[in-house]
Amino acid sequence: PQTRKRFSLIASRVTNDKIIPEKSNEKPIVKDFIGEKNGFPKVKAGHKDNTKFQHTVAGLSKENLEALSNTPKNGGNSVKERKFFKGKGFKDSYSRMSWDKPAPTITTKFFSISNGRFAHPEENRAISLREGATLQTFPKDYVFYAKVNYGEISAASADYLKIEKKTGSRYIGSTGLWEWTAAFAPRGFYE
């Protein structure tokens with residue numbers, strides 16, 4: 001459900017038959033994945049969820065909360081002038097996701113409203129850790145074992161790969177600098 005372009009390589013060790021994926025006419029959008037009807041209760045900025053669900057949200061300063069409160073709901077943009085910026089360049093823009101469009105590319109800093117269109121479509125906060133994972137198509141019951149701290153999201157990604165390597169559950173191997181995991185392996189892939 002993201003706007004990012006992807007390259008998918010489909011290969012098989014089992015057959016030489018050509019594998020052609022089926023075309024889908026589905027256009028997944030944000031409201032198909034997050035929101036109250038999808039099991040995400042309303043929470044405020046700074047909410048800490050110590051359960052395995054991890055619906056934890058970054059806090060906001062009073063100034064940023066006010067700027068976000070003035071940002072139109074459901075895909076709106078607002079521009080906040082930088083107080084101490086004297087050069088030419090970007091003004092800070094706080095943007096909300098739209099319920100009826102795909103999510104933006106979920107990056108490492110998706111938990112911050114100032115790093116992209118990562119504000120919740122209606123609530124005055126960034127998306128939660130679990131909402132970001134869900135928009136990346138992790139199942140809602142997937143348990144992230146690494147303790148996640150907002151400053152350590154990249155480290156959590158590296159820990160995830162270490163866990164996959166250790167358990168062998170989805171780790172395929174490495175090629176040069178690339179590490180490979182199987183996101184969706186076909187039945188019989190590991191036999």
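The legends below describe close-up views of one predicted model.

Residues are numbered from 1 along each chain as its sequence is written. In this predicted model, local features need pLDDT of at least 70, side-chain atom pairs count only at pLDDT 80 or more, totals for chains, interfaces and linings use all residues, and side-chain values use heavy atoms, with hydrogens and water left out.

**View 1. The chain and its elements.**
The chain holds 3 helices and 4 strands. Their order from the N terminus is α-β-β-α-α-β-β. Helices (H or I, at least four residues) and strands (E, at least two) are DSSP runs, numbered from the N terminus. Of the 191 residues, 31% are buried. Buried means under 20% relative accessible area, exposed means over 50%, and partly exposed lies in between (1.4 Å probe, protein chains only). The chain exposes about 13500 Å², and carbon and sulfur atoms supply 54% of that area. Areas come from the Shrake-Rupley method with a 1.4 Å probe; for residues, only the protein chains shown count as cover. Among contacts (heavy atoms within 4.5 Å) with a separation of 6 or more, 44% join residues 24 or more positions apart.

**View 2. The nonpolar cores.**
The largest nonpolar core has 14 residues. Its members M97, I106, F110 and L135 touch the most other members. Another core, of 6 residues, lies apart from it and includes A67, L68, A119 and A126. Such a core is a set of buried Ala, Val, Leu, Ile, Met, Phe, Trp, Tyr and Cys residues joined through side-chain atoms within 4.5 Å. In soluble globular proteins, nonpolar side chains tend to be buried together.

**View 3. E131 in helix α2.**
Helix α2 spans residues 129-135 and contains E131. Is E131 buried or exposed? E131 is buried, with a relative accessible area of 1%. Its side chain reaches the backbone nitrogen of S128 at 2.7 Å. This is a polar contact: a pair of N or O atoms within 3.5 Å; within protein, one must be able to donate a hydrogen and the other to accept it, and residues adjacent in sequence count only if both atoms are side-chain atoms. Leaving out residues up to four places away in sequence, E131 touches I34, F40, H55, H120 and R125.

**View 4. The F40 and F53 rings.**
The structure holds 3 aromatic pairs. One of them, F40 with F53, is tilted, at 5.4 Å centre to centre and 40 degrees between the planes. Both residues sit in the segment before α1 (62-69), 13 residues apart. Rings of Phe, Tyr and Trp (its six-membered ring) pair if their centres lie within 6.5 Å; planes under 30 degrees apart count as stacked, over 60 as edge-to-face, and the rest as tilted. F40 is buried at 1% relative accessibility, whereas F53 is partly exposed at 22%.
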